[in-house]
Amino acid sequence: MTRLLTRLAQVSAMAVVALLPQAVNANSGMPLLHFSADSGNLPSVQRGARNFMAYCSGCHSLKYLRYERIGSDLNIPPDVLKKNLMFTSDKLGDQIKIAMPAASGDWFGRVPPDLSLETRARGADWVYTYLQSFYLDDSRPMGVNNTVLAGASMPHVLWELQGWQKKAEHAAEGEHGAEHGGGHHEGSPFEPVSKGTLNPAEYQGFVGDLVNFLDYASEPGKQARISTGLKVMLYLFVLLGLTYLLKKEFWRDIH
Ligand code: HEC
């Protein structure tokens with residue numbers, strides 16, 4: 001019995017590990033901020049969806065996702081969806097395409113990639129850091145660069161919210177700069193140049209909502225998978241108890 005129980009504990013531990021998301025780190029050498037994406041945080045994912053449609057869907061598609069799926073997964077009624085989220089199309093069954101006509105979809109020499117699988121490809125930490133790492137750089141055609149994606153051709157579309165920042169003096173000398181601290185928050189490789197409409201904590205929250213939404217978009221069925229997994233485990237444990245009682249009942253008169 002003890003052996004059976006130990007084995008069962010091992011198997012369930014393995015099942016639990018299999019349910020956890022894999023941490024992918026495609027780090028380009030810059031230290032990444034840490035963010036554990038939570039696509040189960042419904043209010044955050046809803047805010048992220050609204051903000052994605054407002055700030056990102058002009059250039060980036062989410063071709064594996066349809067509006068009606070967002071509506072049913074995120075409890076957004078169709079009329080609210082149509083009014084507040086659907087800028088790129090008016091049919092609920094449509095995939096989320098970019099608002100720009102195809103011919104002008106080529107931005108600054110690079111086509112903005114589809115972001116359906118972005119958090120799985122790059123990892124949540126990467127996307128979270130990327131959206132906070134645009135800085136002023138005169139050597140770039142748009143005057144902006146990014147520490148995690150050097151030479152990025154995406155403009156800093158959230159500059160009104162975050163404000164502008166430049167590389168901190170110590171950080172410009174090399175990657176180790178970040179370890180010495182300083183900047184507007186501890187260990188930041190940046191120095192603020194101008195204020196945005198959000199304070200740094202609010203901006204982090206804003207970016208966090210976007211990453212949670214992208215994490216949801218990369219696997220819309222995840223919450224259902226987790227809850228099914230937990231139900232199955234619970235069922236198996238109840239069954240184990242019953243089987244044990246049954247075994248005791250069968251052997252009662254034999255011992
Ligand atoms: C004006 C068009 C435009 C807008 C608006 C825009 N992007 Fe981008 N984005 C781009 C382009 C172009 C690239 C490609 C950058 C490169 O590879 O140099 C890019 C790249 C990215 C990447 C990195 C992709 C990768 O893995 O290399 C992420 C993540 C991203 N954008 C997220 C966002 C989010 C989130 C928003 C909304 C807040 C947004 N973008 C709004 C044009 C845009």
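Student: In which helix is the place of L239?

Tutor: Please keep in mind that this is a predicted model. The helix in question covers residues 222-251. The place of L239 is in helix α10.

Student: Is L239 buried, partly exposed or exposed?

Tutor: The relative accessible area of L239 is 39%. Buried means under 20% and exposed means over 50%, with partly exposed in between. L239 is therefore partly exposed.

Student: Which residues form a nonpolar patch on the surface?

Tutor: The patch has about 880 Å² of accessible area together. L239 is one of its members. The residues that form the patch are V232, L234, Y235, L236, V238, L239, L242, Y244 and L245.

Student: Are α2 and α9 roughly parallel or roughly perpendicular to each other?

Tutor: Helix α2 (residues 42-55) and helix α9 (residues 200-218) pack with their axes 7 Å apart, at an angle of about 95°. The contact includes F52 and Y55 of α2, and F206 and L210 of α9. Angles of 65 to 115 degrees count as roughly perpendicular. Therefore α2 and α9 are roughly perpendicular.

Student: Is S116 buried or exposed?

Tutor: S116 lies in the loop between β2 (95-96) and α5 (118-122). Its relative accessible area is 2%. Because buried means under 20%, S116 is buried.

Student: How far apart in space are S116 and K63, C-alpha to C-alpha?

Tutor: In sequence, S116 and K63 are 53 residues apart. Leaving aside neighbours within four places in sequence, S116 is in contact with several residues, including K63, Y64 and L214. From C-alpha to C-alpha, the distance between S116 and K63 is 6.4 Å.

Methods: Residues are numbered from 1 along each chain as its sequence is written. This is a predicted model: local features need pLDDT of at least 70, side-chain atom pairs count only at pLDDT 80 or more; totals for chains, interfaces and linings use all residues. Side-chain values use heavy atoms; hydrogens and water are left out. Patches are made of residues with over 30% relative accessible area and no salt bridge: like charges are joined within 9 Å, nonpolar side chains (Val, Leu, Ile, Met, Phe, Trp, Tyr) within 5 Å. Accessible areas come from the Shrake-Rupley method with a 1.4 Å probe; for residues, only the protein chains shown count as cover. A salt bridge is a side-chain nitrogen of Lys or Arg within 4 Å of a carboxyl oxygen of Asp or Glu. Helices (H or I, at least four residues) and strands (E, at least two) are DSSP runs, numbered from the N terminus. Buried means under 20% relative accessible area, exposed over 50%, partly exposed in between (1.4 Å probe, protein chains only). Axes are lines fitted to C-alpha atoms, for helices over the stretch in contact, and angles run from 0 to 180 degrees between N-to-C directions. Angles under 35 degrees count as roughly parallel, over 145 as roughly antiparallel, 65 to 115 as roughly perpendicular and the rest as oblique. Contact means heavy atoms within 4.5 Å.
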